[in-house]
Amino acid sequence: MVEKVQAQARRRELEAVYEQAVQASAVNERNRIAREIHDTVGHTLTTVLVELEASRRLTGRDPARAVEKLKLAQEQVREGLQAIRSSVRVLEDDKRLLDPFDAMETLLRDCAAHTGIAVACHIDRSVALSPQAGDILYTCLREGLTNSLRHGHCTAVDCALARKDGSIHFSLRDNGTGATVVAPGFGLRAMRSRLEQANGSLHIQTEKGRGFSIRIRLPA
């Protein structure tokens, strides 16, 4: 009888632990989806606004180019909607994870094509990236580009990825307006949280009139 009561108590304890684990997993998944949607919406809307503004300026003097800019904006909206649908469906075969280098370089090229900013890319493809590291770096790059365009009004960015001193080092610098005080929004807070979970670190450097830069370190 005593053994039966003890077994029942143990089972209840295990069920409680399991329930807590399930709830924690659900919270983490919701947070991940929220980050994905935030990053996608922010980047898409920023580039679309740039295209629409360019189209508005060109309407009078170059209608053909104005129409081209509108088509680019339309394409960005379509891609953004598709990415959001993918995030909501929680697809595990996210194309970003297949080749993080291709994904980051494509993002930089698209940013240059859609916004007209100058992009310098120094990515060492010999660096071994885990799927988690590739996902984090892609997300940080997208969030950094969005901040540079939306808040920094930059005309050029420089992206670098390399391995040194046994760690993966990533940096993104722009020549934008900079700031005297950094008030991290949802994007930067989510970025820092993801890096901390992966035992990484984020360092922000900015100065009024002298651009904005982020430096990331991840375990190799």
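# A tour that starts from the inside

The largest cavity has a volume of about 70 Å³, a cavity being a set of points, on a 1 Å grid over the protein atoms alone, where a 1.4 Å probe fits but cannot get out, and its volume being the space filled by probe spheres set on points joined across faces, edges and corners. This is a predicted model, in which local features need pLDDT of at least 70 and side-chain atom pairs count only at pLDDT 80 or more, while totals for chains, interfaces and linings use all residues. Residues are numbered from 1 along each chain as its sequence is written, and side-chain values use heavy atoms, with hydrogens and water left out.

**Stop one: the largest cavity.** Select Arg35, Asp39, Ile136, Thr139, Cys140, Glu143, Gly187, Ala190, Met191 and Arg194, which line the largest cavity, lining residues being those with an atom within 4 Å of a point. Helices α1, α4 and α5 are the elements that give two or more residues to this lining. By class the lining has four nonpolar, two polar and four charged residues, where Ala, Val, Leu, Ile, Met, Phe, Trp, Tyr, Cys and Pro count as nonpolar, Asp, Glu, Lys and Arg as charged, and the others, Gly among them, as polar.

**Stop two: the second largest cavity.** To find it, select Gly144, Asn147, Ser148, Leu172, Asp174, Leu188, Met191, Phe212 and Ile214. The largest share of this lining, three residues, comes from α4, and its classes are five nonpolar, three polar and one charged.

**Stop three: the second largest pocket.** A pocket is an open set of grid points with protein on both sides within 12 Å along at least five of seven lines. The second largest pocket holds about 350 Å³ of space and is lined by 20 residues, of which Asn147, His151, Ala183, Leu188 and Phe212 lie nearest its centre. Here too α4 gives the largest share, four residues, and the lining divides into seven nonpolar, 10 polar and three charged residues.

**Stop four: the whole fold.** From the N terminus on, they run α-α-α-β-α-β-β-α-β-β.

**Stop five: the nonpolar core.** Which residues have the most contacts inside the largest nonpolar core? They are Met104, Leu129, Leu137, Leu141, Leu161 and Phe170, in a core of 34 residues. Such a core is a set of buried Ala, Val, Leu, Ile, Met, Phe, Trp, Tyr and Cys residues joined through side-chain atoms within 4.5 Å, and contact means heavy atoms within 4.5 Å. Helix α4 supplies the largest share of this core, eight residues. Centre the view on Met104, which, leaving aside neighbours within four places in sequence, is in contact with Ile123, Leu129, Leu137, Tyr138, Leu141, Leu161 and Phe170.

**Last stop: Ser55.** Select Ser55, which sits in helix α1 (residues 2-58). Is Ser55 buried or exposed? Ser55 counts as buried because its relative accessibility is 4%, buried meaning under 20% relative accessible area, exposed over 50% and partly exposed in between, with a 1.4 Å probe and protein chains only. Not counting residues up to four places away in sequence, Ser55 touches Ala66, Lys69 and Leu70.
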